[in-house]
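Please look over the sequence and the structure shown here before reading the notes that follow.

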Amino acid sequence: MQKPIMAVTGDETDEETELAPSHMAAATGDMPTYQIRAPTTALPQGVVMAASPGSLHSPQQLAEEATRKRELRLMKNREAAKECRRRKKEYVKCLESRVAVLEVQNKKLIEELETLKDICSPKTD
């Protein structure tokens, strides 16, 4: 079926138009003239067609995709939490080790201070 052809009036407003070569030019050998065709689809203003029909999903597909994404996010979150707990344990062990070293160092310094006090202070007998 051939598309309807509109005449050029110069007062078309919001309709998209398409230029089509006229078949009369081929018969006469003159320069081709163009006529305006009506748009092939009539979409409301502001409506954009999808890029491909395969990108349209049913509500069930959208729900399944959302569920899959949620499960993936939860799995990643569990792994991240597990890693965070492991790092925290390592950090606490490091702090406990440092506390033990500092306690030993503090005890030695206190003993050294007592020894120096005994040496420097005059003994009264």
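The briefing below begins with the overall layout and then turns to salt bridges, surface patches and a database annotation. The model is a predicted one, and the protein in it has 125 residues, of which 4% are buried. Two helices and three strands are found in the protein, and a search of the whole structure finds four salt bridges.

**Overall layout**

- Reading from the N terminus on, the elements follow one another in the order β-β-α-β-α, which is an arrangement made from two helices and three strands.
- Helix α2 covers residues 59-120, and several of the residues discussed below, including R85 and Y91, lie in this helix.
- Buried residues make up 4% of the protein, where a residue is called buried if its relative accessible area is under 20%.

**The salt bridge between R68 and E65**

- R68 and E65 form a salt bridge in which the closest N and O atoms are 2.8 Å apart.
- Both R68 and E65 belong to helix α2, where they are three residues apart, or about one turn of the helix.
- R68 is partly exposed because its relative accessible area is 44%, and E65 is also partly exposed, with a value of 33%; the partly exposed class lies between the buried limit of 20% and the exposed limit of 50%.

**The network around E83**

- Which residues are linked in a network of salt bridges? The network links E83, R86, R87 and E90.
- E83 and R86 are separated by about one helical turn, because they are three residues apart in helix α2.
- E83 also forms a salt bridge with R87, for which the closest N and O atoms are 3.9 Å apart.
- R87 and E83 are four residues apart in helix α2, and so they too are separated by about one helical turn.
- E83 counts as partly exposed because its relative accessibility is 31%, while R86 counts as partly exposed at 41% and R87 counts as partly exposed at 46%.

**Surface patches**

- A positive surface patch is formed by K82, R85, K89 and K93.
- A nonpolar surface patch of about 270 Å² is made by Y91, V92 and L95.
- Y91, one of the residues in the nonpolar patch, has its place in helix α2 and is exposed, because its relative accessible area is 53%.

**An annotation from UniProt**

- The unreviewed UniProt entry carries the annotation "coiled-coil region" for residues 92-119, and this label comes from that record.
- In the predicted model, the span of residues 92-119 is 100% helix and 0% strand, and its end C-alpha atoms lie 40 Å apart.

Notes. Residues are numbered from 1 along each chain as its sequence is written. This is a predicted model: local features need pLDDT of at least 70, side-chain atom pairs count only at pLDDT 80 or more; totals for chains, interfaces and linings use all residues. Side-chain values use heavy atoms; hydrogens and water are left out. Patches are made of residues with over 30% relative accessible area and no salt bridge: like charges are joined within 9 Å, nonpolar side chains (Val, Leu, Ile, Met, Phe, Trp, Tyr) within 5 Å. Accessible areas come from the Shrake-Rupley method with a 1.4 Å probe; for residues, only the protein chains shown count as cover. A salt bridge is a side-chain nitrogen of Lys or Arg within 4 Å of a carboxyl oxygen of Asp or Glu. Lys and Arg count as positive and Asp and Glu as negative; His and the chain ends are not counted. The place of a charge is taken as NZ of Lys, CZ of Arg, CG of Asp or CD of Glu. Buried means under 20% relative accessible area, exposed over 50%, partly exposed in between (1.4 Å probe, protein chains only). UniProt positions are given in the numbering used here, feature names are shortened, and annotations may be inferred rather than shown by experiment.
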